[in-house]
Amino acid sequence: MSVRQSLLAILNQGPCYGYQLRAEFDRRTGSTWPLNVGQIYNTLDRLERDGLVQKAHIDADGQNYVEITNAGRAEVTDWLGSPVVRTTATRDELAIKLAIAVTLPGVDIAQVIQVQRTATMRTLQELTRTKNATADPESSEQLAWLLVIDSLIFAAEAEARWLDHSENRLARARAAGLAAPLPLNTDVPKRGRPVKTVQAGA
């Protein structure tokens, strides 16, 4: 999630202070990815260091406003005009969990998949109910929230399909005798700090 560019894009509408930025981010994303205030101010410090924002003014309540610079506006334009690159190296906890589990002895991989499928379907049902409650947006804020909900629904549906696919793949692997546990490889490079030995009389 690009907190940096998101905050810059909000600041492109006008000067804000930290708590205000957090509220605006939550309002525009339905609080799906809540940010803490410390994260906001750390990001603002880095943006100021990079010349993308600058201090604006302090209001009567003592709130320190920051504003976007021309360089910051250019970064927002570049961000909005560029695709999000999803690298193949992105770690996915569920994929890693299944990949490790299938190589371990004594693990009921079908049960692992079923537990996850139940949780995924429950999440999908909750998201669908939330979407149906706001099916016809009456404001840009609701429209933004629905876009986020749609993304989460599609992701949950894709995860459910992947779990079904994984279950079928594992069934074929078992039938072919390929689902055996993977033992530790003892033929590995000897690296790391050697163990110190205590000499007699030392």
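Throughout these close-ups, buried means under 20% relative accessible area, exposed means over 50%, and partly exposed is anything in between (1.4 Å probe, protein chains only). The views show a predicted model, in which local features need pLDDT of at least 70 and side-chain atom pairs count only at pLDDT 80 or more, while totals for chains, interfaces and linings use all residues. Residues are numbered from 1 along each chain as its sequence is written, and side-chain values use heavy atoms, with hydrogens and water left out.

**View 1. R49 and D50 meet in a salt bridge.** A salt bridge here is a side-chain nitrogen of Lys or Arg within 4 Å of a carboxyl oxygen of Asp or Glu. For this pair the N to O distance is 3.1 Å. R49 counts as exposed at 59% relative accessibility, whereas D50 is partly exposed at 36%.

**View 2. D164 and R117 link two helices.** Helices are DSSP runs (H or I, at least four residues) and strands are DSSP runs too (E, at least two), numbered from the N terminus. The side chains of D164 and R117 form a salt bridge of 3.0 Å, N to O. D164 belongs to α7 (residues 140-175) and R117 to α6 (residues 109-133), so the pair ties together parts 47 residues apart in sequence. Look for R117 as a buried residue, at 13%, and D164 as a partly exposed one, at 36%.

**View 3. Helix α2 carries the E24 and R27 pair.** These two residues sit three apart, about one turn of the helix, and their closest N and O atoms are 2.8 Å apart. E24 is buried at 16%, and R27 is partly exposed at 38%.

**View 4. L11 and the largest nonpolar core.** A nonpolar core is a set of buried Ala, Val, Leu, Ile, Met, Phe, Trp, Tyr and Cys residues joined through side-chain atoms within 4.5 Å. Two or more residues come from each of α1 (3-11), α2 (18-29), α3 (37-49) and β2 (64-68); α1 gives the largest share, five residues. Beyond its neighbours within four places in sequence, L11 is in contact (heavy atoms within 4.5 Å) with C16, L21, L44, V53, V66 and I68. A second, separate core of seven residues includes L94, I109, I113 and L170.
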